Amino acid sequence: MSYYGSSSSGGRGGQRVEYGRTYVVRPKGRHQATIVWLHGLGDNGASWSQLLDSLSLPNIKWICPTAATRPVTAFGGFPCTAWFDVEDTSVDGRDDIEGLDASAAHIANLLSSEPPDVKLGIGGFSMGAAASLYSAACYAHGKFTSGIPYPITLSTVVSMSGWLPCSRTLRGKMESSHIAARRAASLPILLSHGRGHYTIPEEMDDVGKWLSSRLGLDRSR
């Protein structure tokens, strides 16, 4: 496992967003896929990199970034690592479009330099899962909400104990574009949720089997 330092991306009002340290788990076998995995609210990339390194998925390279530290409205403005600001996770909650776009762009940038024959994916837990699903919507539309083109092709998305940002407007956007609807229908998405807000070994085993099947991994070393 290796890591590299913080990086920045465009954010609210054109200001730069400073993201934390990114951890990388190198494939132990033939490199067939790269997945950016996003942690939950208040967490960091290190904890997930250790868990992902223990999975029997030798053909996947895992990139585990750390979100920027920012004030979070749900916590009364207390700063913590977050992919975007959140008031609550209800359908009526406000969507932080600028924060979502900035994080989606950062995630896409992390995948942009991967080899052309490697399949690309995004996954996450809790808020990280929400950011993953937002990235999936950007891929389907072919652009971020800001209108900037989405630059990569996704092969899979995993959401664990997450929610769908911008759910009130998403259906209308999909139905208004045949291309977006076709892309969305062809993108394999795994939605996983438990009774508690944590993961268990059985769930991670299911994720591993699903990724192996959907990405066509040969598990060769």
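**Close-up views of a predicted model**

View 1. The space in the largest cavity amounts to about 50 Å³. Its lining is made up of V25, R26, P27 and K28, together with L52, L55, L57, P58, I60 and W62.

**View 2. Leucine 55 in its loop.** L55, which is one of the residues lining the largest cavity, is found in the loop that lies between α1 (45-53) and β6 (60-64). The relative accessibility of L55 is 16%, and because buried means under 20%, L55 counts as buried. Once its neighbours within four places in sequence are left aside, L55 is in contact with W62 and M204, and W62 also belongs to the lining of the largest cavity. Between L55 and A108 the C-alpha to C-alpha distance is 24 Å, with the two residues standing 53 residues apart in sequence.

**View 3. The hairpin of β7 and β8.** Strand β7 (residues 69-72) and strand β8 (residues 78-81) run antiparallel and are joined by 4 bridges. Within this pairing, R70 stands opposite C80, a residue of β8. The two strands, β7 and β8, form a hairpin in which 5 residues lie between them, and in the turn G76 has a positive phi of about 70 degrees.

Definitions and conventions. Residues are numbered from 1 along each chain as its sequence is written. This is a predicted model: local features need pLDDT of at least 70, side-chain atom pairs count only at pLDDT 80 or more; totals for chains, interfaces and linings use all residues. Side-chain values use heavy atoms; hydrogens and water are left out. On a 1 Å grid over the protein atoms alone, a cavity is a set of points where a 1.4 Å probe fits but cannot get out, and a pocket is an open set with protein on both sides within 12 Å along at least five of seven lines; lining residues have an atom within 4 Å of a point. Grid points are joined across faces, edges and corners, and a volume is the space filled by probe spheres set on the points. Buried means under 20% relative accessible area, exposed over 50%, partly exposed in between (1.4 Å probe, protein chains only). Contact means heavy atoms within 4.5 Å. Two strands pair if DSSP finds at least two bridges between them.
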